[in-house]
Amino acid sequence: MIRTASYAPHLGSALAAGFMLVAALAYNLGANSGEAEARAVAAPADRDSRQLASSWPGVIRVEAADRIETMRETVGAEPSVIPSEPVHPTHSASIVTPRRPQLAVIIDDVGLDVMAARRLIALDAPVTLSILPYAEAASVIAREAAEAGREVFVHLPMEPVGVEDPGPHALTEFQSPSEMASRMTWAFSRVPGAVGFNNHMGSRLTSDRRAMDAMFSTSGLPRSMLFVDSLTHPRSQAASAARAAGLTAMTRDVFLDHVPDEASVSVQLNQALALAMQNGQAIAIGHPRPETLAVLADLSRRAEAVGVELVTISALGAVQAQAADS
């Protein structure tokens, strides 16, 4: 049974939630054109699942649209975008909502651009750095992030649908369990201090339950390790297999920068904040692109404006563990 949001008294009513959302979206009223919004809403989830983005099973439309409609009829205002990305049912149903809505941001593909990685480390927000293990500077960036108090993940390369190259030492569908375990051991050795991991590409591998069960059951990962399914395939089995193996698993809610321009990234960040307000928690994933970094520079201020708490993935994992125990 889904628990009711304990932060609801702080919002007062759906109308109050609408006003808070307007505060967040007001940053973009003059900047986000209708064209940018349309592109952001229509953007598929990930580059290796472009043809699958419209086939999500059990899609749940964001209820914040109803709140916004009520608010618009009452005060005659309209925000720049109505959230429309589906909420993953498994992720949402497992949440026990904390006092304040929470948003965690993961930045993937870290390590290839050292200067971008250091800009992320310097951000005034608790973003999680997901580091590519094959990046030459992977270990250096991981240590610098840990020294700065940043949470670090392994961005584990996995086989995608199509011909895109996930990089060296990627996990693939027909590897033996021992080969998978060996490659995972190598990947974690390259990112010291990692507390969890998420998939880099992986639309083919994560949709294969047999492969996912083999990966998680033979990996030898400690039960404290966190897993976030980047959800690059609409029928991903990754989070379910991770939970079956005893790990705390979560799923991505929003991709911030499928369309790499500041206006679109800003729209997607608004959507992530709105989902956090609606569901109590949300996870957004982005990449260390200049446009994304420019928007994230204002992340803390925008979250505070609508009462959303920025947290690490570990903090969300602790809430899920509490839910499982209760």
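The model is predicted. The chain has 326 residues, and 56% of them are buried. Its secondary structure consists of 15 helices and 9 strands. The accessible surface of the chain is about 13200 Å². Carbon and sulfur atoms hold 54% of that surface.

Helix H7 covers residues 138-147. Its buried residues are Ala138, Ser139, Ile141, Ala142 and Ala145. These residues are on the same side of H7, because they cover an arc of only 165 degrees around the axis. An α-helix has 3.6 residues a turn, so residues three or four places apart point the same way. Several elements cover the buried residues of H7. Three strands are included in this cover: S1 (102-110), S2 (128-131) and S3 (151-158). Helices H6 (114-121) and H8 (177-190) are also included. After H7 comes Gly149. The phi of Gly149 is positive, near 80 degrees.

The aromatic rings come next. The count of aromatic pairs is 4. One of them joins Phe197 and Phe216. The centres of this pair lie 6.1 Å apart, and the planes make an angle of 40 degrees, a tilted arrangement. Phe197 belongs to strand S4 (residues 196-201) and Phe216 to helix H10. The two are 19 residues apart, and their pair links distant parts of the chain. Both Phe197 and Phe216 are buried. Phe216 also forms an aromatic pair with Phe227. Here the arrangement is edge-to-face, with 5.2 Å centre to centre and 75 degrees between the planes. This pair too links distant parts of the chain, since Phe216 is in helix H10, Phe227 is in strand S5, and 11 residues separate them. Phe216 has a relative accessible area of 4% and is therefore buried. Phe227 is at 0% relative accessibility, so Phe227 counts as buried. Phe188, Phe197, Phe216 and Phe227 form one aromatic cluster.

Gly220 counts as exposed, because its relative accessibility is 68%. In sequence, Gly220 and Ala181 are 39 residues apart. In space, their C-alpha atoms are 7.5 Å apart.

Two polar side chains are buried as well. Arg252 sits in the loop between strand S6 (248-251) and strand S7 (254-255). Arg252 is buried because its relative accessible area is 2%. A polar atom of the Arg252 side chain lies 3.1 Å from the backbone oxygen of Ser230. The backbone oxygen of Leu231 lies 2.9 Å from a polar atom of the Arg252 side chain. Gln278 is part of helix H12 (residues 262-279). With a relative accessible area of 15%, Gln278 is buried. Its side chain makes a polar contact of 2.9 Å with the side chain of Asn279.

Side chains of opposite charge can pair when their charged atoms come close. The structure holds 8 salt bridges. In one of them, the side chains of Glu304 and Arg100 meet at 3.8 Å, N to O. This pair links distant parts of the chain, 204 residues apart. Glu304 lies in helix H14 (residues 299-305), whereas Arg100 lies in the loop between helix H5 (89-93) and S1. Glu304 is exposed, with a relative accessible area of 55%. Arg100 is partly exposed, with a relative accessible area of 34%.

Another salt bridge joins the side chains of Arg204 and Glu159 at 3.6 Å, N to O. Arg204 is in helix H9 (residues 203-206), and Glu159 is in the loop between S3 and H8. The two are 45 residues apart, and the pair links distant parts of the chain. Arg204 has a relative accessible area of 32% and is therefore partly exposed. Asp208 and Arg210 also meet in a salt bridge through their side chains, at 3.7 Å, N to O. Asp208 is buried, with a relative accessible area of 14%. Arg210 is partly exposed, with a relative accessible area of 47%.

Definitions and conventions
Residues numbered from 1 in each chain as written. Predicted model: local features only at pLDDT ≥ 70, side-chain atom pairs only at ≥ 80, totals over all residues. Heavy atoms only, no water. Buried < 20%, exposed > 50% of the residue type's maximum accessible area, 1.4 Å probe, protein only. Phe/Tyr/Trp six-rings, centres within 6.5 Å; stacked < 30°, edge-to-face > 60°. Helix = DSSP H or I, 4+ residues; strand = E, 2+ residues; numbered from the N terminus. Polar contact = N/O pair within 3.5 Å; in protein donor to acceptor, adjacent residues only side chain to side chain. Areas by Shrake-Rupley, 256 points an atom, 1.4 Å probe, with all protein chains shown as cover. Arc of directions from axis to C-beta. Contact = heavy atoms within 4.5 Å. Salt bridge = Lys/Arg side-chain N within 4 Å of Asp/Glu carboxyl O.
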